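Dear colleague,

Please find the structure below, together with its sequence.

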Amino acid sequence: MSPVARPSARPDVAVRERASLGEGPTWDAAAGRLVWVDILSARIHTYDPASGRRTVMDAGQHVGAAKPRAGGGLVVNLRDGIGLYGPDLAFSWLVRDPVPGRRGNDAAVAPDGALWAGTMRYDEEPGGGSLTRVAPDGTAVRALTAAVSNGTDWSPDGRLMYYVDSPTRGIDVFDFDGREAVNRRRLAEIETGAGFPDGLTVDADGCVWVALWDGAAVRRYTPDGRLDRVVALPVRRPTACAFGGAGLGDLYVTTARTGLAAPHPLSGSLLVLPGAGRGLPPTPFAG
């Protein structure tokens, strides 16, 4: 029997938006809001589900991800490197490393508070992107070479790291010792015709949720790689997912409309699957 969506996980619209390339939803526990970005419009969005309040900020250049900082503000994965916004939104560079034809893409904060920041070339050249560990003091160490570095997250005990390089069609898993990811192997393969794996998140059961670009769905895989749930979406290009809201029980999904000749009216909106599961408390960037 094929996995199916539970009735409680039908998608609702959290924020109706026309984002070109919505990405990177992240729950900001301290502020009680969701942070997400529109990469190609260079905008950082926030949404408070309790009040409905929204904010939109211009990042000044393409922004692949924005994550909360432990002391307030945001760390951002930009076209030209890693930047910091303080609680007062004053900006500074943590790592400035502009490379023509390359930009920041998805990013995630590890259990130790370091940022793992992905990059990609605009032409998606194989080997043109990377995944880099950025310590709170700005020390940057490249961990992996990739084409389109995308979803990254960790198991509840922090001993496994999950990762997507989208063109490979796979979700990979590594052993993780707190600083380094080793022993890469394939957790799950996305079959031809089902889209490409994009952003992902790990829930409190250790299962991996992944958004399928061009697949119009979010999937949940068990820690042994078994597909146990599929949630169909009305939009063709979901990009990433993250748990948020009260009790971290709602799954938020960012979406894109870029490259579509006739996008669905909800393409570019922030969707939500109420009561989809139970997320893990997010770790803020320690820098």
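Which strand gives the most to the lining of the largest pocket? Strand S2 does, with 5 residues. Strands here are DSSP runs (E, at least two residues), numbered from the N terminus.

Please note that this is a predicted model, in which local features need pLDDT of at least 70, side-chain atom pairs count only at pLDDT 80 or more, and totals for chains, interfaces and linings use all residues. Residues are numbered from 1 along each chain as its sequence is written, and side-chain values use heavy atoms, with hydrogens and water left out.

The largest pocket holds about 730 Å³ of space. A pocket is an open set of points on a 1 Å grid over the protein atoms alone, where a 1.4 Å probe fits, with protein on both sides within 12 Å along at least five of seven lines; lining residues have an atom within 4 Å of a point. A volume is the space filled by probe spheres set on the points, which are joined across faces, edges and corners.

Of its 42 lining residues, Thr26, Val109, Pro281, Pro282 and Thr283 are the closest to the centre. At least two lining residues come from each of S2 (22–28), S6 (63–68), S10 (102–109), S14 (149–154), S18 (196–202) and S22 (238–244). The lining comprises 24 nonpolar, 12 polar and 6 charged residues (nonpolar: Ala, Val, Leu, Ile, Met, Phe, Trp, Tyr, Cys and Pro; charged: Asp, Glu, Lys and Arg; polar: the others, Gly among them).

The second largest pocket has a volume of about 380 Å³. Arg103, Met120, Glu124, Val148 and Trp213 are the closest to its centre among 18 lining residues. S18 supplies the largest share of this lining, 3 residues.

Yours sincerely

Definitions and conventions
Helices (H or I, at least four residues) and strands (E, at least two) are DSSP runs, numbered from the N terminus.
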